[in-house]
Structure formats: structure tokens, C-alpha cells
Amino acid sequence: MVSTVNDAASGSKVEKHAFSDRVTIRTILTRPDGGVGLAGQRVRVGGWVKTGREQGKGSFAFLEVNDGSCPANLQVIVDASVADLGQLVPTGTCVSVEGLLKNPPEGTKQKIELRVEKVIDVGTVDPAKYPIPKTKLTLEFLRDRIHFRPRTNTISAVARIRNALAYATHTFFQENGFLYIHTPIITTSDCEGAGEMFQVTTLISEAEKIEKDLIKNPPPTEADVEAAKLVVKEKGEAVAKLKSEKASKEAISASVAELTKAKENLAKVEERSKLKPGIPQKDGKIDYLQDFFARQAFLTVSGQLQVETYACAVSNVYTFGPTFRAENSHTSRHLAEFWMVEPEIAFADLKDTYNSVLDESYTPNDSFWASIAVMGSILFLRIWGFKDKLPFVSSFWLLDKCLDDMEFMAKNYDKSCIDRLRMVASTAFERISYTEAVDLLLEAVKEGKKFENNVEWGIDLASEHERYLTEVKFQKPVIVYNYPKGIKAFYMRVNDDLKTVAAMDVLVPKVGELIGGSQREERYDVIKSRIEEMGLPLEPYEWYLDLRRFGTVKHCGFGLGFERMILFATGIDNIRDVIPFPRYPGRADL
């Protein structure tokens with residue numbers, strides 16, 4: 001709910017925040033008239049001072065205030081008679097003020113400004129210590145001050161773009177019959193089979209706690225255990241004697257209570273005597289039965305396997321959440337924690353995928369949604385223009401929702417980012433097999449192109465290979481399909497040639513691989529063999545095999561790296577700058 005204040009003279013309305021008496025700066029400055037029609041209205045705003053300066057020999061001050069609702073700042077004018085200007089002008093100061101919106105003098109760039117009548121609250125700043133100066137800062141510099149990053153123009157713009165894309169993602173699936181499934185963060189199975197997983201364990205902390213305790217309170221000796229046993233023996237004999245003497249019930253009960261207490265003490269002494277420093281082991285290996293989950297557990301690298309259980313029961317599902325990979329990589333495309341969009345659809349295979357993706361005259365009907373790659377293309381390559389389920393030509397979701405932020409990105413980071421969105425959303429995908437992709441790369445090498453990574457059939461295409469195909473060879477998105485089974489995960493359906501799998505990647509300019517999808521192997525014997533081929537233990541995947549044993553169904557899905565999608569949209573170079581709290585080797589701040 002949004003409350004409004006009417007301007008009787010102009011008929012314009014200023015919107016208040018739903019849960020506050022405050023008016024967001026966005027509702028003032030992003031109007032078609034730039035806020036001119038709101039002149040004369042009394043409003044309350046709050047935000048942080050980007051720049052401030054005293055004028056008129058200290059009689060008043062200009063403040064550029066931003067509340068994070070949009071990239072633009074509202075010019076605020078405060079007279080010295082209203083407040084202590086020295087507290088207001090430092091960069092970073094938080095102000096809550098009330099006043100009258102007025103048209104500025106002619107010739108100024110502002111279309112509207114706020115003349116303050118009352119300062120409600122001030123969060124002061126020591127300018128000598130404030131870590132985010134108003135000078136231009138590098139994104140690397142900001143990573144070392146991560147808790148203040150959102151106060152900068154770039155990171156706040158990225159946050160708004162990220163929010164718009166997340167909302168668009170959920171809107172897409174929710175309006176097209178998909179259930180949002182929350183898959184577990186903690187898992188006991190490795191989806192990728194690569195082993196680069198963060199382990200979840202309490203064994204280390206428990207071992208440290210026991211070690212500290214044993215230092216402070218040494219464990220009982222054998223003599224202590226024998227002494228406790230002797231007490232139990234004596235108490236037992238006392239009970240037996242009282243019974244033989246036919247003592248009173250009260251006396252026997254009291255004696256039995258002492259015996260019980262002695263036995264409990266013995267149990268504690270014996271248990272404590274077995275405590276040893278270090279991680280518990282059995283047969284020379286770590287004893288995970290003593291761990292919190294009584295088995296090895298990890299942070300998930302993907303929610304795909306778990307979400308398949310719902311796809312094989314309710315047909316159309318998706319998960320959208322954090323995933324983790326313990327890969328010691330310092331590239332600009334990798335994070336230890338990142339977000340994935342992973343839909344899964346039953347009663348579908350990859351057979352119709354490619355033609356559907358290339359069909360520009362689609363209609364969103366039941367058969368349309370049977371194609372997983374079309375879903376991928378709509379979600380990503382069409383998400384910018386997704387609106388009311390209808391095909392589009394000139395309407396772009398992201399440009400509708402965040403045009404000012406995208407213009408900021410185009411101005412400061414990538415001049416072509418807006419044009420790239422429009423190009424991708426209106427261009428048919430190129431479709432080539434993996435083998436054709438390798439042939440094209442080999443042809444480029446023969447013509448003098450130099451790649452850092454060797455090109456031959458069977459390699460996992462590197463980012464430079466993918467970007468060559470999308471940016472140089474075809475200059476548009478490319479679908480590569482039928483990858484060698486040796487470089488793909490065990491769950492991908494083996495093709496009839498027994499060399500390749502029914503997998504596809506959607507490659508896009510600027511980023512390379514953005515979507516990785518496949519038809520899942522629904523044949524029990526084949527997937528069991530694939531697990532064994534890859535040297536994975538069967539036991540953690542027995543539940544996954546059950547989906548093939550009982551009521552198997554053809555199904556497929558894909559994973560879309562959400563941060564990579566934001567890289568593509570914004571033109572920012574490093575993935576660490578498009579996630580609020582980046583985690584990478586050596587860094588896990590906050």
C-alpha cells in the first residue's frame with residue numbers, strides 16, 4: 001500500500017513509503033517531469049549525504065542526498081537557523097528532514113529541490129575517519145570496505161538491478177506453472193562429482209572443546225575408575241544386606257538410591273576416561289558416525305538432484321538459491337558462494353529444444369513449455385522483455401524497471417551494455433554441436449588465432465573459446481550441444497553414439513557460458529553404470545537411483561548462474577562486484 005499527498009494546485013501526487021511517513025527520492029526525481037509538478041508540496045525525506053557544502057558565508061548549505069531508491073540525488077537546502085550545518089555537510093552523514101519542494105532558479109541542472117524547514121534526525125560522521133571519500137573509488141578498493149559498499153553509486157545500482165532480475169525470474173516461473181522448491185543447503189551427495197565441496201562438520205569444534213576440557217579437568221585415571229567401581233560394589237552389598245535383614249522399606253529405598261547414584265557416577269567416570277584429544281577415528285579413518293549428521297555432509301554445489309525429486313512428482317519446478325564450491329580459483333568469473341536458478345521439467349527431452357529456441361514466432365502454449373532450452377532462453381535472453389507472457393519486440397523488463405541504473409552502467413562501465421541487451425533479446429541463437437564448435441576453434445587456430453588453452457576434441461571449452469564463438473565468430477548467443485560424456489556430469493543422458501551426452505550450454509557475449517542444461521538420464525542401468533564409471537560411491541545416490549527404479553520419467557533442466565547474468569547485464573568485469581557479500585579464496589568478510 002502506498003499513501004499519497006495531493007497537490008491541490010497541480011493535481012500531482014507524491015507517494016509516501018508504505019510503512020513510513022517518508023517519501024522516497026525515486027518517487028520525486030524519476031517522474032517524467034523530473035519532479036517539477038511536485039513543487040509546493042511538503043515532504044519528509046531521509047538519506048545519506050553524498051556531498052555537502054556551506055554557502056553564503058555559512059548562512060546555508062547545499063546537500064546532495066541519496067536514499068538508495070535510485071541513482072539520482074535530491075538537492076537539499078538547509079539554513080543555518082534550522083540546524084548546525086557543520087554536522088550536516090560531511091559525506092556519509094545520515095539525515096532525516098522535512099520541508100517544501102521548490103523549483104530551483106532557472107539555469108540550474110536541478111528540476112526540483114527541497115528547502116528544509118525541520119531537521120528530524122542526524123547520524124553524524126567524523127569526516128577524518130569516514131572510509132568512503134567522495135572521490136572516485138575503484139571496485140577493488142571497495143571490496144576491502146564491504147560493509148560500506150552499498151553507499152556507493154555503483155554497488156547500489158547493482159543491487160537494484162539484481163533485485164529486478166530476481167523478481168523477473170520468480171515472476172517468469174510463477175506465471176507459468178512452476179513450483180518454487182527450497183532445496184537443502186546441506187547435502188550428502190556431490191551433484192557435479194568433482195569433489196570441490198565445503199565440508200560441514202562439528203568434529204573439529206568438538207575436538208577443540210574436548211581438548212580444552214581435558215587440559216582444565218584431566219580425565220580419570222584407571223585408579224579413579226576402579227575406585228568408582230568399588231563404591232558401586234560396596235553400595236550393592238549394602239542393599240543386599242538390608243534386604244537379607246528384612247530392613248524397613250524406607251531404609252532399603254534410601255540404600256538403593258545411593259547405589260543408583262554410584263552407578264551413574266561410575267558411568268560418567270568411565271565415559272570421561274575414554275575421552276581422547278583429536279578427531280575420533282575408527283579403523284584408521286575419521287569416524288563420521290560421531291559427527292553431527294552421523295555421516296559426511298557438505299554445502300551444496302547445486303540444488304538440481306534434490307529438486308528432481310519434486311519434478312518426478314509434480315512435473316514443473318524450480319529452485320533459486322545459494323550454492324557453494326571450494327574451488328581455489330581467483331578468476332573474475334568464480335566465487336565460492338554464488339546463486340543458481342535451476343528449473344526442472346518432467347515429460348520433456350532435449351530433442352525439440354534447439355528448433356524451439358531458434359523459432360522466433362513462438363507462442364507460449366503447453367508444447368512450448370516442454371522445451372527446456374526455450375525456458376532457458378526465455379528466462380535469460382528474453383527476461384529483459386518478459387511482460388504478461390506475451391512475445392515482445394521493444395519492451396524490456398530491465399530497461400523498464402532500472403533504466404536509470406542501466407544508463408549509469410553504460411556511462412561508467414560498458415557503453416554497449418544496453419545495446420547488447422537489445423541485440424540478444426531480438427536475435428536468433430546460433431546452434432552448433434560441440435564437435436562443430438571444436439572444428440571452428442581449430443580453424444581459427446590455423447588462421448592465426450592464439451588461445452591460452454589448447455583446442456582438441458574432448459576438452460571442456462574455456463571461457464576464451466566460448467567468447468570467441470559468441471563475440472567474434474557469430475556475434476550473438478550460441479547454443480552448443482552434444483558434449484563428450486567424459487567432461488559432463490553422470491546424470492546427463494548418454495546419446496546413441498555412446499560418446500556424447502544430451503547436454504547443451506547457452507553461451508552469450510561478454511560472459512561465455514551462462515546456462516548449462518541437459519536431459520537427465522532416466523534409464524536405471526545406464527545411470528548406475530555412469531556413477532560407477534566416475535568412481536563415485538553408489539550409497540549416497542541410492543535415493544536418486546530410486547527415482548529411476550520406481551516410475552521413471554523423462555525430464556530435463558538447466559542451471560543459470562545468477563551473478564553471471566548480472567555481469568552480462570551490467571558490463572561489470574568482476575563477479576565479486578555483483579554479489580552483495582562476495583566469498584572467494586582468502587575472503588569471507590562479515
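# Salt bridges, surface patches and selected residues

E443 sits in helix 13, which covers residues 434–446; helices (H or I, at least four residues) and strands (E, at least two) are DSSP runs, numbered from the N terminus. The structure is a predicted model, in which local features need pLDDT of at least 70 and side-chain atom pairs count only at pLDDT 80 or more, while totals for chains, interfaces and linings use all residues. Residues are numbered from 1 along each chain as its sequence is written, and side-chain values use heavy atoms, with hydrogens and water left out.

**Surface patches**

E443 belongs to a negative surface patch together with E436, D439 and E447. Its relative accessibility of 38% makes E443 partly exposed (buried means under 20% relative accessible area, exposed over 50%, partly exposed in between, with a 1.4 Å probe and protein chains only). Patches are made of residues with over 30% relative accessible area and no salt bridge, joining like charges within 9 Å and nonpolar side chains (Val, Leu, Ile, Met, Phe, Trp, Tyr) within 5 Å. Lys and Arg count as positive and Asp and Glu as negative, with His and the chain ends not counted; the charge is placed at NZ of Lys, CZ of Arg, CG of Asp or CD of Glu.

A nonpolar surface patch is made up of I185, I186, F292 and F293, which together have about 380 Å² of accessible area (Shrake-Rupley method, 1.4 Å probe; for residues, only the protein chains shown count as cover). Within this patch, I186 lies in strand 9, residues 186–187. I186 is partly exposed at a relative accessible area of 37%.

**Salt bridges**

The whole structure contains 31 salt bridges, each being a side-chain nitrogen of Lys or Arg within 4 Å of a carboxyl oxygen of Asp or Glu. Side chains of opposite charge can pair when their charged atoms come close.

| Pair | N to O distance | Relative accessibility |
|---|---|---|
| E563 and R162 | 2.7 Å | E563 1%, R162 11% |
| R467 and E471 | 2.7 Å | R467 26%, E471 31% |
| D589 and R587 | 2.6 Å | D589 25%, R587 24% |

E563 and R162 form a salt bridge through their side chains. E563 is in helix 17 (residues 562–570) and R162 is in helix 4 (residues 153–174), so the bridge ties together parts that are 401 residues apart in sequence. E563 is buried, and R162 is also buried.

The bridge between R467 and E471 lies within helix 14 (residues 463–473), where the two residues are 4 apart, about one turn of the helix. R467 is partly exposed, and E471 is partly exposed as well.

In the pair of D589 and R587, D589 is partly exposed and R587 is partly exposed.

**Buried positions and their contacts**

I161 is another residue of helix 4. At 0% relative accessibility, I161 is buried. Leaving out residues up to four places away in sequence, I161 touches L398, C402, D405, M406, M409 and T570, where contact means heavy atoms within 4.5 Å. The C-alpha atom of I161 is separated by 9.4 Å from that of L403, which is 242 residues apart from I161 along the chain.

T323 belongs to strand 14 (residues 316–324). Its relative accessible area is 2%, so T323 is buried. Apart from neighbours within four places in sequence, T323 has contacts that include T300, V301, S302 and G303, and also A336, E337, F338 and M340.

**Positive phi values**

A294 has a positive phi of about 60° although it is not a glycine. A294 is in the loop between strand 12 (285–286) and strand 13 (297–299), and is partly exposed at 38% relative accessible area.

K510, likewise not a glycine, has a positive phi of about 80°. The loop between strand 18 (500–508) and strand 19 (512–519) holds K510. With 13% relative accessibility, K510 counts as buried.

**Whole chain**

The protein chain has 17 helices and 20 strands. Of its 590 residues, 47% are buried. Among contacts with a separation of 6 or more, 67% are between residues 24 or more positions apart. The accessible surface of the chain is about 29,600 Å², and 52% of this belongs to carbon and sulfur atoms.
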